[in-house]
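The sequence and the coordinates come before my notes.

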Amino acid sequence: METNSDIDQSDLATNPIAHVGALALMLIIFLIGISPGVAKATDPRFSFAFGTEGSGNGQFFYPEDVAVDSAGNVWVADTENNRVQKFNSNGEYLSQFGTKGSGNGQFSGSLAIAIDSNDNVWVGDVGNTRIQKFNSKGEYLSKFGSEGSGDGEFLISFDFAIDAVGNIWVADTLNHRIQKFSAEREYLSKFGSEGSGNGQFVYPEDVAVDSAGNIWVADASNDRIQKFNSNGEYLSQFGGSGSGAGKFSFPTGIAVDSTDSIWVVDMGNSRVQRFNSKGEYRSQFGTGGNGAGEFDHPTGIAVDSADNVWVADLENHRIQKWIPSRPTTTTKAATEVTSNSAAIKATVNPNGLTTAYHFEIGTTSEYGFSVPATDKGIGSGSSGVEVSETLGGLKSATTYHFRVVATNAEGTSYGKDETFTTK
C-alpha cells in the first residue's frame, strides 16, 4: 500500500494555514479534555475463553496465573493440577510440564508464572517456597529460594515480575516486602515492611515493571497500587477501598502494556481496571458470574505485545482473552532512505472494526504533516495489516520524526515515535 508524497520542508515552519489548523485542534482538545497524542480510553472487548474444570489436557483446576511469550503462546499456572500448560494464541493446547512433589520440576501449592526476554519460563512454586526456571520447552534449568524471612528467603504466597535486563522482582507476600534478584538468581536488595504508610505493605500480591524500570506493586490488603523507582524508593500511589471507579477490593494481579498503562485485577470486585502511567483511572471491564466476560475470583493477568489482555479466571477454571477496542499500532523503522526520500512503514490491527490510518511526519515530534493527506482505509480484520508510504521532497542531512495513527469507531491509537536521517 504505497503512495508518493512530496513534503516542502519550508511548510513546516511557514505555512499559516497549518498554524491555524493546529491552534483550532488544540482548542478542540482543550474543550473536550483530551491530551494530544493520547488514545481515547475505551474498554477492551471480550474475545474468547478457554478451559473447563478437570485434569485433562487443556483443562484446569484453579488456574492462578498466566503469561505470554514472544511468539504469542499462552502459559497457564494450573495450580491444583500442579503443572504448567502451554497454549497457542487461539487457546489450543500444545504441551505441559510439572507434577506434584518437591523435586526439581515438581510443584506444590499455589503457582505464579513469568517469562523472560529469552522465553524462559519461571514458575513461583509457593508450596515449596522457591522459584524454578525452565526453558521454552518446559525443561528444568535451575531454582532459588527457601522458606524464611531473611534475605533471599520467602514466606508463602508470592508472585513476581522480570524486568528488561532480567532482574527478578518478587512480591514476598507474608514478609510484606519486595525482593530483587539478578538474572543469575543472586539476591540484590529489598524494600518494604508491614504497615499502611507510604512504601509499606500488607500482603503485596503482585508486582510489575514499566518501560522506565519503575516498580508497581499490588498492595492487596491496603487496597492500593504503589509505585517505586528501580532503587525501591517510594514515588506515588493510587486506589483505596471501595467498588467505584479507581477503587479496589483486594487487588491481586497487575500488568503493564506497551503504552505503560497499568492493568489491575480487582478480585473482590470481579473486574479488571486500567490506569494510565500517572495512576489515573481510564476504564474497566468484567463483572461477577460465569458467563462470557464474567469472572469468579480473577487472579493473574498478562498483556501481550498486541495489548491483548489475558486473565486467569480462577474459580471458573478458565482463561479469558480481551482485545483492544481501538486499533493496535506499531511504527516500524524507515527504509530506502536517500537524500530526499524514504519509505515509512507500520503494522495496524483494526481489531474487528473498520479502521483507517495515516502517518504523521515532521522535523520534530510535534510533526506537522499527515501522509496521506486523507486517511486510508484498511478494513475491519482482526490481524495486523502492513502499511507504508513513500515520502519525497525531503531535505538532505535532516532528521525526521514519524509515527502511524489509526482510528476506528472506538478511538484513535498512536504508534511510537520513530526517526530517520536523510543522506
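Before anything else I wrote down what pairing means here: two strands pair if DSSP finds at least two bridges between them. I also noted that I am reading a predicted model.

**Entry on strand 17 and its cover.** I began with strand 17, which covers residues 177–181, and asked how many of its residues are buried. The strand is mostly covered, with five of its five residues buried. I then looked at where the side chains go, and found that Arg177, Gln179 and Phe181 point one way while Ile178 and Lys180 point the other way, all of them being buried.

**Entry on the partners of strand 17.** Isoleucine 178 turned up in both pairings: it is the bridge partner of alanine 171, and it stands opposite phenylalanine 191 in strand 18.

**Entry on the two hairpins.** In the hairpin of strand 16 and strand 17, I counted four residues between the strands, and histidine 176 takes a positive phi near 55° there. The hairpin of strand 17 and strand 18 has five residues between the strands, and in that one arginine 185 takes a positive phi near 75°.

**Entry on glutamate 184.** I looked up glutamate 184, which lies in the loop between strand 17 and strand 18, the latter spanning 187–191. Is this residue buried or exposed? Its relative accessible area is 54%, and since exposed means over 50%, glutamate 184 counts as exposed because of that value.

Last, I turned to an open sheet of four strands, whose order is 23-24-25-26 with antiparallel pairing. Its edge strands are strand 23 (251–256) and strand 26 (281–285), each of which pairs on one side only. Neighbouring strands of this sheet are turned by 20° against each other on average, direction ignored. Strand 23 is joined by five bridges to strand 24, residues 262–266, and the two run antiparallel; within strand 24, aspartate 266 stands opposite proline 251.

Note on methods:
Residues are numbered from 1 along each chain as its sequence is written. This is a predicted model: local features need pLDDT of at least 70, side-chain atom pairs count only at pLDDT 80 or more; totals for chains, interfaces and linings use all residues. Side-chain values use heavy atoms; hydrogens and water are left out. Buried means under 20% relative accessible area, exposed over 50%, partly exposed in between (1.4 Å probe, protein chains only). Axes are lines fitted to C-alpha atoms, for helices over the stretch in contact, and angles run from 0 to 180 degrees between N-to-C directions.
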